[in-house]
Number of protein chains: 6
Amino acid sequence: MKLSNSFLSGPSIIYFSRIRVTLLKIYFMSVLVKEFNDYRSRMNEVILSKNNLVMKRLWNLDTNAYENGALDKKTKEMLGLVASMVLRCDDCIKYHIGKCHELGISTEQLYEIFAVANIVGGTIVVPHTRRAAEYWEALVSDNQ
Amino acid sequence: MKLSNSFLSGPSIIYFSRIRVTLLKIYFMSVLVKEFNDYRSRMNEVILSKNNLVMKRLWNLDTNAYENGALDKKTKEMLGLVASMVLRCDDCIKYHIGKCHELGISTEQLYEIFAVANIVGGTIVVPHTRRAAEYWEALVSDNQ
Amino acid sequence: MKLSNSFLSGPSIIYFSRIRVTLLKIYFMSVLVKEFNDYRSRMNEVILSKNNLVMKRLWNLDTNAYENGALDKKTKEMLGLVASMVLRCDDCIKYHIGKCHELGISTEQLYEIFAVANIVGGTIVVPHTRRAAEYWEALVSDNQ
Amino acid sequence: MKLSNSFLSGPSIIYFSRIRVTLLKIYFMSVLVKEFNDYRSRMNEVILSKNNLVMKRLWNLDTNAYENGALDKKTKEMLGLVASMVLRCDDCIKYHIGKCHELGISTEQLYEIFAVANIVGGTIVVPHTRRAAEYWEALVSDNQ
Amino acid sequence: MKLSNSFLSGPSIIYFSRIRVTLLKIYFMSVLVKEFNDYRSRMNEVILSKNNLVMKRLWNLDTNAYENGALDKKTKEMLGLVASMVLRCDDCIKYHIGKCHELGISTEQLYEIFAVANIVGGTIVVPHTRRAAEYWEALVSDNQ
Amino acid sequence: MKLSNSFLSGPSIIYFSRIRVTLLKIYFMSVLVKEFNDYRSRMNEVILSKNNLVMKRLWNLDTNAYENGALDKKTKEMLGLVASMVLRCDDCIKYHIGKCHELGISTEQLYEIFAVANIVGGTIVVPHTRRAAEYWEALVSDNQ
């Protein structure tokens, strides 16, 4: 990670440093998203390999619950997100923020979900909102 | 409540009984909605009369959180409902179901919110879903 | 409910009163159990009538989760009970206490489940333990 | 409860009605406090009669936790109250409000505890705050 | 951790790599168990050194609650585990999984506890189930 | 971090080692406090930069709730701490422990708050109490 910058001098160093900082930031953000997804997949595999039928069916049901119906996917993922936030489950929040991002929810909309979650669930939701905000930044910078 | 029906006989009794049962059901349902709203208003008044500024401002903020913005009122009330369900707060559920009803959410949409809440929050949400379903029937029969 | 006892006098009144008190107690206890079951059935019917597939499947899954497997029904109902207690869901507690009673769990065993729930979940579980104890007495007196 | 007021007429009826309303309100309030305490005592007796040692010792410990120490009783009861509020346990709230009342906490102080609980725990604490406010009024009117 | 493997070549490298990977996996798993236990012991010592009597007695009581009685240790540890899972306390889960492992609970039984916890507590229990599954693998590979 | 100690020998090494261990411990403790505060500030900035009015006002209100009033700051911070503990929010706990430390709460008083939290909230609060105890040690060693 430590790149020599001895060949840079004068105002150019500021310019290049800024780029490097941005690149590093994007790199670390990607790591945040990737690590979450990797651990999730790896452990899901372990759990499914044990062939517990109730667990398997619950997971299928979980997928069904968010499919298009009388309410569309986007609304349902927002419901999943706010529910995860007030229940203060960081991994559930990350998962639904990922889905919300895929489905094109805007930053402004996301923060209105955050607001409802913080009003209903109180300031104990704040630390989870911080981690949610960090994960959102990671997703957004990944896509640039 | 016990009305004499001795003057009724033959098939007409069935017809009138059915009407009476429906009327009584609507009557009791109205009571459910009315009692909830009355108690809520009465105690809100008591609380506000004590002039605690933090409480007052929190309640104003609560109103703001559900106003039209990047997300519309309807979506926000659905968010409020699902959050109340997974946190298993019967009175909060009633309040948001009332708002969802006012804003024209359909029974089918409501039950998809119930489904998300029950999947995320588990079967401990079921008893609250029962009371939510009862309250919804009350609201619907009130409006007929 | 008000029975005339004017024809009773002397020591016999004490004897008969005691029987009456016991009978009344059993009567009220039965009401507690019956009311819980009636409301539960009635509202389950309302919910199922709306044909939300996720809700239906979740309820089937819930039934499966407590069937004999690597662990027997009895152990699983005890697991369901302790989970309901620490999550402080009175109706869920009643349901699982009913099942525990059917499956022959003793009062002493029940109170050891109560003890684990109160230690893990703290004294906020106590009020729910009171209602659980009341319901257990109702079930036991029903069966006499 | 229905007292004849046919002998009253003119402006005096307003005066006496007001007294009657106040008396009735105090009467019902007392009932609220009494019923809570009675049920609590009755069920505590049932639970203790089963001789579960862990339950008994936990209850002793609970008493110890609120005794004078590095912090005084009053502060500890306030801690118990705010903890009960954010955990949304109505009976626990009533118990600690009763203790706070005995120890001379003022209405203004009580509402500042309510404010902290509502900020930390969010608006889902509001319905419990309503019932807490009602119980406080009952205690205050009892003491007049 | 970086072992030179330059002296290996041909098919033997695959064979030895597989052993090394397995050894490394066991090594990391042991670290997971060891780190949990070490931190737990170290901080318990700090807490006990402050001589708060209520804390000390609560911890003794906690030990008593899981001893053989009308229910055996094994059942009680399963109760403790399911309670910890629905309350989503990762460290409590690890502790009780450790005990369940010591008492000879099978993987199939463990996953039926997981299933009850996930049905009662909902999909917000899933991320904790992942970490529970990981810890179980660590315990099992430790014992090989 | 790796300081050469080759120039030390005999009993002096024990003496200096002890100093070094203490210094290192203080260093790591400071890191714990610093990291918490840095992450908190950094993410608060991100959140506030999105200009969601509800979030901003809630945070202002949060500040107001802990100001001197009918109850003093110190009592209110203790209320905030116990509420955070029973709701098991590690970051909230750290924040309020920091405030309690600033306002001069003693270790004995802190552990009485811990005791109330553990009695009300049960042994699932224990792991959070461990992390709270660790953070307190960090704050205390920072100030020496």
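This is a predicted model: local features need pLDDT of at least 70, side-chain atom pairs count only at pLDDT 80 or more; totals for chains, interfaces and linings use all residues.

Student: Let us take chain C. Which residue forms a disulfide with C:C89?

Tutor: The partner of C:C89 is C:C92, and their sulfur atoms are 2.1 Å apart. A disulfide requires the two sulfur atoms to lie within 2.5 Å.

Student: Is that disulfide right-handed or left-handed?

Tutor: The torsion about the S-S bond of C:C89 and C:C92 is about 60°, so the disulfide is right-handed.

Student: And are those cysteines buried or exposed? Please begin with C:C89.

Tutor: C:C89 is buried, because its relative accessible area is 2% and the limit for a buried residue is under 20%. C:C92 also counts as buried, at 9% relative accessibility.

Student: What joins D:C89 to D:C92 in chain D?

Tutor: D:C89 and D:C92 are joined by a disulfide, with an S to S distance of 2.1 Å. The torsion about their S-S bond is about 60°, so this disulfide is right-handed. Both D:C89 and D:C92 are buried.

Student: Then chain F. What is the S to S distance between F:C89 and F:C92?

Tutor: The disulfide that joins F:C89 to F:C92 has an S to S distance of 2.1 Å. The link of F:C89 and F:C92 is right-handed, with 60° about the S-S bond. As for accessibility, F:C89 and F:C92 are both buried.

Student: Which cysteine sulfur is nearest to F:C100, and how far away is it?

Tutor: The nearest cysteine sulfur to F:C100 is that of F:C92, 13 Å away, and F:C100 is in no disulfide. F:C100 is buried, with a relative accessible area of 0%.

Student: Now the interface. How many residues do chain F and chain D bring to the contact?

Tutor: Chain F brings 24 residues to the contact and chain D brings 24 residues. Between them, chain F and chain D bury about 2200 Å², and 80% of that is on carbon and sulfur atoms.

Student: Which residues in chain F lose the most area to chain D?

Tutor: Those that lose the most area in chain F are F:L79, F:E112 and F:I119, which together account for 25% of what that side buries.

Student: How many salt bridges are there between chain F and chain D?

Tutor: There are two salt bridges between chain F and chain D. In one salt bridge, D:E112 pairs with F:K76, and the closest N and O atoms are 2.9 Å apart. The count of residue pairs in polar contact between chain F and chain D is eight, both residues being at pLDDT 80 or more.

Student: Which helices of chain F supply at least two residues of the side that touches chain D?

Tutor: They are α2 (53-65), α3 (73-86) and α5 (107-121) of chain F. The largest share of the side of chain F that touches chain D comes from α3(F), with eight residues. By class, that side of chain F has 16 nonpolar, four polar and four charged residues.

Student: Changing topic, where is E:K76 placed?

Tutor: E:K76 is in helix α3 (residues 73-86) of chain E. At 4% relative accessibility, E:K76 counts as buried. Leaving aside neighbours within four places in sequence, the residues in contact with E:K76 include C:E112, E:Y66 and E:E67.

Student: And in which helix does E:S141 lie?

Tutor: E:S141 lies in helix α6 (residues 126-142) of chain E. E:S141 is buried, with a relative accessible area of 12%. A polar atom of the side chain of E:S141 lies 3.1 Å from the backbone oxygen of E:A138.

Student: Last one: does B:E35 count as buried or exposed?

Tutor: B:E35 counts as exposed, at 56% relative accessibility. The place of B:E35 is in helix α1 (residues 11-49) of chain B. B:E35 and B:N64 are 29 residues apart along the chain, and their C-alpha atoms are separated by 26 Å.

Note on methods
Residues are numbered from 1 along each chain as its sequence is written. Chains are lettered from A and ligands numbered from 1 in the order in which they are written. Side-chain values use heavy atoms; hydrogens and water are left out. Buried means under 20% relative accessible area, exposed over 50%, partly exposed in between (1.4 Å probe, protein chains only). Contact means heavy atoms within 4.5 Å. Buried area is the accessible area (1.4 Å probe) that two parts lose on being put together, summed over both. A salt bridge is a side-chain nitrogen of Lys or Arg within 4 Å of a carboxyl oxygen of Asp or Glu. A polar contact is a pair of N or O atoms within 3.5 Å; within protein, one must be able to donate a hydrogen and the other to accept it, and residues adjacent in sequence count only if both atoms are side-chain atoms. Helices (H or I, at least four residues) and strands (E, at least two) are DSSP runs, numbered from the N terminus. Ala, Val, Leu, Ile, Met, Phe, Trp, Tyr, Cys and Pro count as nonpolar, Asp, Glu, Lys and Arg as charged, and the others, Gly among them, as polar.
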